[in-house]
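Please go through the points below with the model open beside you. They are set out from the whole chain down to single contacts.

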Amino acid sequence: MIFTWILHWSDHKEECKRLAQQMKSVDVLNDFPFTFSQEATLMVHEKKETRCSFLSKRGVHQVGMWLYECCCGSSVTSSDCFRSNDGWHLPRILCPCNEPVAPIPKQLSSWKDYYEWRCIPLHSPVALLLHWPLMIYQAIQVTGLGSLTSEIRDKLCIHYLGPEKELLQLAVFAELHALFPGVHVHIELVGPEIPQHRDGERIDLGNYAHCLETDCICKSASENLSWDVQTGRTSKVTLQLRRGLYHDCYHEIAKDFSPHLVIAPNAGVAAYSSWLPTIELIKETNIPAVFSDYCEEACHLGACCISTLTGHPLTFPTQLNPFRQPMVVEDSALFLPCYSNCFLYGILEVSKVIMKLDQVAKLLKVNGGLHATSLLHEGNNISIGRVTQDTIVSIRRRCTTVTVSGMSW
């Protein structure tokens, strides 16, 4: 019995150490640029405010897409209100109901960047819904798909796993028009929460979610959607609903659309055994995949499960999502603050790793530092040999970080 207790304490000690380290990041987790940040984080966490009271003050409680942002929407089923055309229920100055006034910057790295680009004041609550499409945007960046190839520029296909609440907020995904101008973004939403009678349904998001104002251009059927200045192509966003578990219906889905990326928001990989065959499938197909979760500990446990199944360390380790939902989860089981889409982690396909090596090699050639380049495959390692006498570039087969003389890519 004493031996069993010692083993239990050893595991518990490691967990406590991890959680203590994670607690040191609480201020970073709660750090948002909005005027309502303290109200939506600390005050909700300490039960001095609720999601209901927050939404009520802004006139969006129990209306449209906002209905599902508090417990009041829990009694409304997807079959009662499964629509993609609900608007923002806000004046146009507070929401992205039209085209951006300026081209998208090379890379958005924070909510402040996004709000400035879309000319939205920092007291607008739209980030509470926009974290869904912005999570997709961030996943594209961290997997290296941000520099879109010619193939992806024609059509970016994403398999989106386990949708739940966002199924009742589909209009918000129209923001992908602005985030990927000139690109046809096609998303296969796959999960058991999709109602049987909606299985197979296709939704074309031809317009941005509308504002409250009747005279706004967003109500015009001829509204122009984002187009790429260089190619002259207009963007397109289509959604396809698929009921079932991903590993059961992947081959049927892939007949029509082979994915460039798999995304699993708030996945809970360690909490559900149904993820195991899906992870095996992702490993076999070598598709890059990004998972998110509510807190760092959930990501740690999920990453351990994935590493055990794949036999490799994660391609990119757990990292804070700058576009996490800026309102804390109420009644979390952990003392740690939890946010929807708070942290990201995932698997990058091997070809992308080799591509990164090629990029580094080209950079070194430009700088005159590369005498001869050779890729040496040694077990799980890929190395670029003979860079200079004192510089070796090496990369683990399933890691994304390349280090050259202390600098990272």
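1. Basis. This is a predicted model, in which local features need pLDDT of at least 70 and side-chain atom pairs count only at pLDDT 80 or more, while totals for chains, interfaces and linings use all residues. Residues are numbered from 1 along each chain as its sequence is written, and side-chain values use heavy atoms, with hydrogens and water left out.

2. The chain overall. The protein chain has 13 helices and 13 strands; these are DSSP runs numbered from the N terminus, helices being H or I with at least four residues and strands E with at least two. Of its 409 residues, 49% count as buried (buried is under 20% relative accessible area, exposed over 50%, partly exposed in between, with a 1.4 Å probe and protein chains only). The accessible surface comes to about 19200 Å², and carbon and sulfur atoms hold 54% of that; the areas come from the Shrake-Rupley method with a 1.4 Å probe, and for residues only the protein chains shown count as cover.

3. Contacts along the sequence. Contact here means heavy atoms within 4.5 Å. Among contacts in the protein chain with a separation of 6 or more, 73% are between residues 24 or more positions apart.

4. Strand β5. This strand covers residues 261-264. Leu-261 and Ile-263 point one way, Val-262 and Ala-264 the other, and all are buried. In a regular strand the side chains alternate between the two faces of the sheet.

5. Neighbours of β5. Strand β1 (residues 155-161) runs parallel to β5 and is joined to it by 3 bridges; two strands pair if DSSP finds at least two bridges between them. Strand β6 (residues 289-293) also pairs with β5 in the parallel sense, over 3 bridges. Ile-263 is the bridge partner of Tyr-160, and Val-290 in β6 is the bridge partner of Ile-263.

6. The crossover. β5, helix α11 (residues 275-285) and β6 make a right-handed β-α-β unit. Right-handed means that, with the strands pointing away from the viewer, the path from the first strand over the helix to the second runs clockwise.

7. The core. Which residues touch the most other members of the largest nonpolar core? They are Trp-88, Trp-111, Tyr-114, Phe-173, Ile-187 and Phe-291, in a core of 101 residues. Helix α7 (residues 127-142) gives the most to this core, with 12 residues. A nonpolar core is a set of buried Ala, Val, Leu, Ile, Met, Phe, Trp, Tyr and Cys residues joined through side-chain atoms within 4.5 Å.

8. Ile-187. Leaving aside neighbours within four places in sequence, Ile-187 is in contact with Ile-136, Ile-158, Tyr-160, Phe-173, Leu-176, Thr-238, Leu-239 and Gln-240.

9. Salt bridges. The structure holds 14 of them, each a side-chain nitrogen of Lys or Arg within 4 Å of a carboxyl oxygen of Asp or Glu. Glu-39, Glu-49, Lys-57 and Arg-58 are linked in a network.

10. Lys-48 and Glu-46 form a salt bridge with closest N and O atoms 3.3 Å apart; Lys-48 is exposed at 60% relative accessibility and Glu-46 partly exposed at 45%. Arg-202 and Asp-204 have their closest N and O atoms 3.4 Å apart, and they are partly exposed at 38% and 48% respectively. In the salt bridge of Lys-255 with Glu-252, the closest N and O atoms are 3.4 Å apart; Lys-255 is exposed at 64%, and Glu-252 is partly exposed at 48%.
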